[in-house]
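Reader: Hi, could you walk me through this model? I'd like to go feature by feature.
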Amino acid sequence: MDFRISLFLMLASLPAILAQIATHGRVIVDGAVVVAQTDDNYICATIDWWPHDKCNYNRCPWGYSSATNLNLSHPLLIKAIQAFEHLRIRIGGSLQDQVLYDVGSLKTPCHPFQKVQSGLFGFSKGCLHMSRWDDLNQLFKTTGAIVTFGLNALHGRHQIQRDRWGGEWDSANARDFMNYTISKGYVVDSWEFGNELSGHGVGASVDVELYAKDVIKLRDIINELYKNSDSKPSLVAPGGFFEQEWYAKLLQVSGSNVVNVITHHIYNLGAGIDPHLTNNILDPHYLSRVSEIFNRLDQTIQVHGPWASAWVGESGGAYNSGGRHVSNTFINSFWYLDQLGLASKYDTKVYCRQTLIGGHYGLLNTSTFVPNPDFYSALLWDRLMGKTVLPVGSDASSFLRAYAHCSRGSTGVTVLLINLSNQTHFTIHVQNSKNVFLNVQENGVRRENSFMKGMKKTVAWIGNKVSDASVSREEYHLTPKDGYLQSQTMVLNGSPLELTPDGELPSLNPVLRDVNTPIFMIPLSIAFIVFPNFDAPSCL
């Protein structure tokens with residue numbers, strides 16, 4: 001009887017045992033080849049214009065997070081920006097083409113945004129007072145932020161069809177605003193022309209020939225106003241969703257060295273209310289689809305505008321303010337970090353997250369300013385991943401995503417590992433391509449090679465000196481608090497990332513492991529692994 005009971009209990013528990021799968025995988029990094037390079041300050045976040053009564057799906061998640069009403073003196077806001085070496089902040093968003101600047105010869109009344117049924121996106125024109133611009137620049141100066149400012153590209157135009165706008169851009173207000181900015185000694189790294197007016201547009205669109213003509217006008221204004229400056233701001237355009245024909249024609253018509261940066265927006269997870277958001281985030285094949293957009297934009301720039309670089313000018317994963325209980329939780333970091341990795345492989349120089357604060361997708365909580373999980377993901381990327389992107393492949397399941405960069409601020413290589421599987425425990429060996437060859441899979445694309453014959457023993461890491469055996473690597477393992485994927489608390493190496501009793505940001509401390517031991521990853525976890533002295537000529 002006892003035997004039968006024991007057998008029954010064992011068989012009953014068998015599904016749970018089998019559900020947990022232990023798998024060995026190899027990740028191969030080629031330290032001698034450069035795939036692409038980002039800017040030094042790849043991480044960027046947007047401060048939007050949406051007022052507190054911007055609502056989606058009967059919820060209004062923006063609070064007081066607008067460029068016009070955000071509490072700029074909040075200690076957590078300042079500390080969050082200062083935590084980065086130099087965080088790029090983009091001032092922009094859907095309402096930027098309705099913002100008037102209260103300066104110079106402006107003849108139109110300058111009032112705050114108001115809900116108006118007939119207005120673009122349901123709002124009237126808004127106003128940026130120069131006293132507020134002064135306050136914003138004080139924040140930028142205090143925190144060391146790099147500024148990209150999105151200009152109103154619809155001023156002076158008129159609506160000719162439902163979503164099409166015509167007429168010439170009236171540049172007088174923008175010129176006066178830029179002139180004021182220069183007179184005050186404020187540093188704007190780049191001026192962006194309009195928001196989502198390209199191609200079919202979102203809410204409004206402008207014909208590419210007309211848009212290109214006005215981009216040339218803006219270039220002339222920048223050249224004139226900054227003629228006595230040591231450096232000129234970049235001109236960034238068009239800040240819309242990529243449509244190849246429109247983008248190619250913009251570069252052709254505007255001509256060489258007019259547009260410095262080509263920006264595109266990505267919301268590849270779907271609408272914020274989409275019930276499949278979490279499934280999409282954890283589906284490696286779904287995540288990889290966006291590679292086609294990165295590749296086509298990269299090819300378009302190479303053919304039609306090799307003088308320009310590519311940025312992701314805005315990306316929040318899910319559109320319409322993000323997904324409630326998704327975009328501000330741990331699970332979103334699977335999408336966010338994966339897309340940072342993917343974008344970097346296609347020579348994307350800057351990646352602007354929607355938003356720094358505001359909506360469900362803010363890096364900071366809209367009301368408390370407490371960092372959400374993606375804030376720490378962005379911060380770890382900023383501190384650990386350098387600008388040089390290296391080739392990386394794996395023979396593991398497609399649910400293990402891997403990206404490799406030269407380490408930031410030190411020698412060696414940093415590898416980002418993302419385990420999207422809810423069942424598989426990975427035991428991972430990271431190796432140098434100089435020492436081993438095998439069938440590797442690069443995020444779904446298999447490259448055929450032959451495994452080194454006669455290799456009898458697999459080691460976890462291969463350097464170039466005998467002394468490497470005593471070197472430790474740094475590991476940063478990220479999991480959700482209590483194992484709940486939609487927790488708003490991220491756990492680093494077993495410690496919840498929460499504010500200290502004094503209101504300070506927590507330290508991001510690694511655990512040290514011998515480089516010659518494998519890396520262990522539990523299901524649904526993320527890890528940054530820093531390898532010192534990795535033999536990578538591209539990182540010298």
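**Peptide bonds, helices and core**

Author: Happy to. P238 sits in strand β12 (residues 234–240); helices (H or I, at least four residues) and strands (E, at least two) are DSSP runs, numbered from the N terminus. A cis peptide bond links A237 to P238, with omega about -5°.

Reader: Before we go on, what should I know about the model and the numbering?

Author: This is a predicted model, where local features need pLDDT of at least 70 and side-chain atom pairs count only at pLDDT 80 or more, while totals for chains, interfaces and linings use all residues. Residues are numbered from 1 along each chain as its sequence is written, and side-chain values use heavy atoms, with hydrogens and water left out.

Reader: Thanks! Which bond joins Q354 and T355?

Author: A cis peptide bond, with omega about 5°. T355 is in the loop between β17 (348–353) and α11. Most peptide bonds are trans, and most residues other than glycine have a negative phi.

Reader: Speaking of phi, what about F121?

Author: Phi of F121 is near 60°, a positive value in a residue other than glycine. F121 belongs to the loop between β5 and β6 (126–129).

Reader: Is F121 buried, exposed or partly exposed?

Author: Partly exposed, because its relative accessible area is 30%. Buried means under 20% relative accessible area, exposed over 50%, and partly exposed in between (1.4 Å probe, protein chains only). D347, not a glycine, also has a positive phi, about 65°, and lies in the loop between α10 and β17.

Reader: What does S94 touch?

Author: Leaving aside neighbours within four places in sequence, S94 is in contact (heavy atoms within 4.5 Å) with D48, W50, F121, N195 and E196. S94 lies in the loop between β4 (88–91) and β5 (99–102), and counts as buried because its relative accessibility is 15%.

Reader: Switching to the core, which residues touch the most other members?

Author: W133 and F149, in the largest nonpolar core, which has 127 residues. Such a core is a set of buried Ala, Val, Leu, Ile, Met, Phe, Trp, Tyr and Cys residues joined through side-chain atoms within 4.5 Å. Helix α5 (residues 208–225) gives the largest share of this core, 9 residues.

Reader: And what does W133 contact?

Author: Beyond neighbours within four places in sequence, its contacts include F140, F149, F177, Y180 and T181.

Reader: How do α3 and α4 cross?

Author: The axes of α3 (residues 130–143) and α4 (residues 172–183) come within 12 Å and cross at roughly 45°. Axes are lines fitted to C-alpha atoms, for helices over the stretch in contact, and angles run from 0 to 180 degrees between N-to-C directions. That makes α3 oblique to α4; angles under 35 degrees count as roughly parallel, over 145 as roughly antiparallel, 65 to 115 as roughly perpendicular and the rest as oblique. M130, W133 and D134 of α3 meet F177, Y180 and T181 of α4.

Reader: Last one: what about α10 and α11?

Author: The axes of α10 (residues 332–345) and α11 (residues 373–384) come within 9 Å and cross at roughly 30°, so these two helices are roughly parallel to each other. Among the residues meeting there are Y336 and L340 in α10 and S377 and W381 in α11.
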